[in-house]
Amino acid sequence: MVAHQAAGHDHAMFDWRPYAGSADSDLLPELDLLSSRSRDMSRNNGLMAGGMQTLRDNIVGAVLRLSATPDYRLLGWDRERAREWGNNAEAHFRSWAETAECDAGRSLNLIGQTLLALGGSMVNGDALALPLWLPRPGARWNTRLMLVEADRLSTPPLLRAQDNVRGGIEFDSYGAPVAYHIQRSHPGDAMRIWGPSAADLYAWDRVPAFTPWGRRRVVHLHDKERTGQSRGKPIVTAVMREFHMAGKYASNELEASVASSLIAAFLESDLDPESASQLFGQDPRAAWKQSVGGPGEVRKLKGGAIIPLPAGARLSSFNPGRPNAAFEAFMLASLRHIAAGLNMPYELLLKDFSKTNYSSARAALLEAWRYFHGRRRWLSDYWLRPIYELWLEEAVNAGVVEAPEFYANRYAYSRCRFIFGGRGWVDPVKEATAAQLRLQIGISTLEQECAEQGFDHEEVMDQRALERRMLAERGLPAAGDAPAFIVAFSVGAC
């Protein structure tokens, strides 16, 4: 007898004995294969590619704005001084983050790098950036990020016997990363196999995690599910098998339907070989083809056509049973399971709300937004805030931003949040009215409502003040003098 049925040994459970390995022993030996399969699916499976784009659009979107909120209580400031300091830091940060100068390769701005890192963490399991100090002529800032694909983070052959090096990361006795071992070239870079830099395939650089004074030298974005887990894994891992098989099934069903559509009917003969020889002579096949006017005539089926049949033959219709009547129901069940594994509503994964009413769509999107908000917090804490801290250190040392005793109060100065793309509305009138009610009863703020739509509340207020003044100059009523429903929409639209 067992206390838990899940630990039983009946016919359903007797051969289910998975190995109880550590987090790294369960993941690292299979990580390369998981990553390569995940990338293959993102390239060749349209549903997977669309799902990854949906996650990028909802987690980051088209907006990425810094909202600097220094901890004024720790700094001994008042709220107004903290607000002015934050506005100044935000303005200077935009001059770095909104240009390609933040990229060592001069090709992406910060939102582009963030989207690339988020996609890498979802498909590969990890995203890696090396903050570099690269002075350039005419450039205002010297801090730049170089993104490195996770495949290059690996353990050198000579260090594989060391227990403190896991997945290319060197740890201390407490489990904190000390250094990262990065291969100089991508192990799958076929362009370098025979080139002059082929030696880079067998060379690694050891990059310390921090400088002696505490500046990050590596930003490693990955998600941990277990204690002691050194690397992340692709987001699709739990449903990769179902995703792959569903894709193959849909492809095979399409190919079968196309092949079936090429055949309209069969010509069948009731004559046995001896009767056919007596009727057509020594070469019954040639005579049979000639009796219908040649093979070209048989292949053409047109409306109102009269099809001659050879002697002893009849026309049989072709009913292949394609498309499969059970195909849609089976795929829907499979895709619902896949969507749950991706933490997305089925309707959002397939972009299909045709069978959903407002209440169901709202409930599905609210559930999805719980996940998206969690991912935004994760992305802010482990990717964007470390990057902001790197830039802020340079800005303080350059005298652009005043921060006395910065290194002693690094947390207080670098405290911030980021504004991402707006959530959007299912029903604009209902949700604008709800925003107005939340503001009226005091359970929300203009800052929160604006952030939900991807806007900065101070910029919205400044713009509204400007518009109010321009309306007054032209003798037009201000927004506050408009009918109530216009005010409600204006407040929600911020």
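1. R106 counts as partly exposed because its relative accessibility is 45%; buried means under 20% relative accessible area, exposed over 50%, and partly exposed in between, with a 1.4 Å probe and protein chains only. R106 is found in the loop between α4 (79-97) and α5 (110-123). Helices are DSSP runs of H or I with at least four residues, strands are runs of E with at least two, and both are numbered from the N terminus. Phi of R106 is near 55°, a positive value in a residue other than glycine.

2. The model is predicted: local features need pLDDT of at least 70, side-chain atom pairs count only at pLDDT 80 or more, and totals for chains, interfaces and linings use all residues. Residues are numbered from 1 along each chain as its sequence is written, and side-chain values use heavy atoms, with hydrogens and water left out.

3. N343 also deserves a check of its backbone. Its phi is positive, about 60°, although N343 is not a glycine. N343 sits in the loop between α10 (327-341) and α11 (346-350), and with a relative accessible area of 38% it is partly exposed.

4. Overall, the protein has 17 helices and eleven strands. Of its 494 residues, 39% count as buried. Contact means heavy atoms within 4.5 Å; among contacts between residues at least 6 apart in sequence, 68% join residues at least 24 apart.

5. Strand β2 (residues 126-133) is mostly covered, with six of its eight residues buried. Strands pair if DSSP finds at least two bridges between them. β2 pairs with β8 (residues 219-222) in the antiparallel sense over four bridges, and D126 has H222 as its bridge partner in β8. β2 also runs antiparallel to β3 (residues 143-148), joined by six bridges; here the partner of L128 is V148.

6. A separate point concerns an open sheet of four strands, in the order β4-β5-β6-β7 with antiparallel pairing. Its edge strands are β4 (165-166) and β7 (204-208), each of which pairs on one side only. Two bridges join β4 to the antiparallel strand β5 (residues 169-171), and the bridge partner of R166 in β5 is I169.

7. The structure holds one cavity of 30 Å³ or more, and the largest cavity has a volume of about 40 Å³. A cavity is a set of points on a 1 Å grid over the protein atoms alone where a 1.4 Å probe fits but cannot get out, and lining residues have an atom within 4 Å of a point. Points are joined across faces, edges and corners, and the volume is the space filled by probe spheres set on them.

8. The lining of the largest cavity consists of G214, R215, R216, P386, E389, L390, E393 and R410. By class, two of these residues are nonpolar, one is polar and five are charged; Ala, Val, Leu, Ile, Met, Phe, Trp, Tyr, Cys and Pro count as nonpolar, Asp, Glu, Lys and Arg as charged, and the others, Gly among them, as polar. Helix α12 (residues 358-397) gives the most to this lining, with four residues.

9. E393 lies in helix α12 and counts as buried because its relative accessibility is 3%. The side chains of E393 and R215 are joined by a polar contact of 2.9 Å, where a polar contact is a pair of N or O atoms within 3.5 Å; within protein, one must be able to donate a hydrogen and the other to accept it, and residues adjacent in sequence count only if both atoms are side-chain atoms. Not counting residues up to four places away in sequence, E393 touches W213, R215, F406, Y407 and R410.

Key
1 Å grid on protein atoms, 1.4 Å probe; cavity = no way out; pocket = protein on both sides within 12 Å on 5 of 7 lines; lining within 4 Å.
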